[in-house]
Amino acid sequence: MPWADSDATLAGIMRIIRFIALFLCLVVLAGWVALWVRPDLLAMLRGPSNSLVIPGSVAVGGPFALTDHTGRRVTDTTFRGKWMLIYFGYTYCPDVCPTELQNISNAIDLLGPDADKIVPVFITVDPARDTVAALADYVKLFDPRLVGLTGSDAEIAGVAKAYRVYYAKADSKNATTYLMDHSSFLYLVAPDGSFRALFRQGIGPVTMAKALRARFDGS
Ligand code: NI
């Protein structure tokens with residue numbers, strides 16, 4: 001009975017296809033769950049440096065002139081001789097900025113004696129509300145080593161442009177309680193002022209410390 005044989009063959013093929021489809025679904029689901037539970041896995045997959053790859057043609061960073069949280073005027077050259085780990089955000093940020101600043105503080109703690117080699121820098125993208133006084137109150141919540149920087153709208157726009165940071169008011173209707181949209185990366189600048197690495201937000205203190213140490217050793 002040839003028709004019965006071909007039916008059986010067809011049923012067999014369908015079983016295999018169903019099995020493969022189910023298997024692929026499970027692989028995708030497992031991958032998604034893994035990245036959701038451990039976002040740093042993605043950074044690990046990218047390689048031992050844990051940094052995002054920037055095309056050579058894309059320049060990141062450069063000169064800036066801003067005011068720190070003590071009211072002192074500073075420029076990029078003020079920080080020469082130390083590594084800088086720069087994060088852009090704003091003090092009214094409800095979640096991402098505080099989490100990231102705490103991660104930075106914890107990562108630098110993990111460096112032990114090498115912590116002296118690096119200055120964590122927080123540059124506001126909301127200079128209207130993040131005055132010198134507001135920044136002073138804010139940075140001390142996280143780390144005494146953290147330097148808060150603010151400036152005029154033009155100064156902030158300039159440094160954000162140099163570091164290719166996106167920021168915008170999320171709700172411009174309200175003058176005081178608005179949120180800001182902003183990109184959230186960590187920029188590592190070498191003691192000579194050259195941009196060295198871009199880290200994704202959320203890599204966590206352990207991975208961050210490891211990546212920083214690798215850069216220190218490599219320089
Ligand atoms: Ni934020």
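Trainee: Let's start with leucine 186. Is leucine 186 buried or exposed?
Mentor: Leucine 186 counts as buried, because its relative accessibility is 0%. Buried means under 20% relative accessible area, exposed means over 50%, and partly exposed is in between, using a 1.4 Å probe and protein chains only.

Trainee: Before we go on, where does this model come from?
Mentor: This is a predicted model, so local features need pLDDT of at least 70 and side-chain atom pairs count only at pLDDT 80 or more, while totals for chains, interfaces and linings use all residues. Residues are numbered from 1 along each chain as its sequence is written, and side-chain values use heavy atoms, with hydrogens and water left out.

Trainee: Okay, and where is leucine 186 placed?
Mentor: Leucine 186 is in strand E8, residues 185-189. Helices (H or I, at least four residues) and strands (E, at least two) are DSSP runs, numbered from the N terminus.

Trainee: What is leucine 186 in contact with, leaving aside neighbours within four places in sequence?
Mentor: Its partners include Leu85, Ile86, Glu100, Ile104, Phe199 and Met208. Contact means heavy atoms within 4.5 Å.

Trainee: Which residues touch the most other members of the largest nonpolar core?
Mentor: Leu85, Ile86, Phe88, Ile118, Ile123, Tyr163 and Phe199 do, out of 56 residues in that core. A nonpolar core is a set of buried Ala, Val, Leu, Ile, Met, Phe, Trp, Tyr and Cys residues joined through side-chain atoms within 4.5 Å. Strand E3, residues 83-89, gives the largest share of this core, with six residues.

Trainee: Zooming out, how many helices and strands are there?
Mentor: The chain has six helices and nine strands. Buried residues are 40% of its 219 residues. Among contacts between residues at least 6 apart in sequence, 70% join residues at least 24 apart.

Trainee: Switching to helices, how do H3 and H6 cross?
Mentor: The axes of H3 (residues 96-110) and H6 (residues 205-218) come within 8 Å and cross at roughly 55°. That makes H3 oblique to H6. Their contact involves Glu100, Asn103, Ile104, Asn106, Ala107 and Leu110 of H3, plus Pro205, Val206, Met208, Ala209 and Arg213 of H6.

Trainee: How does an angle get called oblique?
Mentor: Under 35 degrees is roughly parallel, over 145 roughly antiparallel, 65 to 115 roughly perpendicular, and the rest oblique. Axes are lines fitted to C-alpha atoms, for helices over the stretch in contact, and angles run from 0 to 180 degrees between N-to-C directions.

Trainee: Where is glycine 204?
Mentor: Glycine 204 is in the loop between strand E9 (195-200) and H6. Glycine 204 counts as buried because its relative accessibility is 15%.

Trainee: Last one: what's the phi of arginine 164?
Mentor: Phi of arginine 164 is near 60°, a positive value in a residue other than glycine. Most residues other than glycine have a negative phi. Arginine 164 lies in the loop between helix H5 (153-162) and strand E6 (167-169), and is exposed, with a relative accessible area of 53%.
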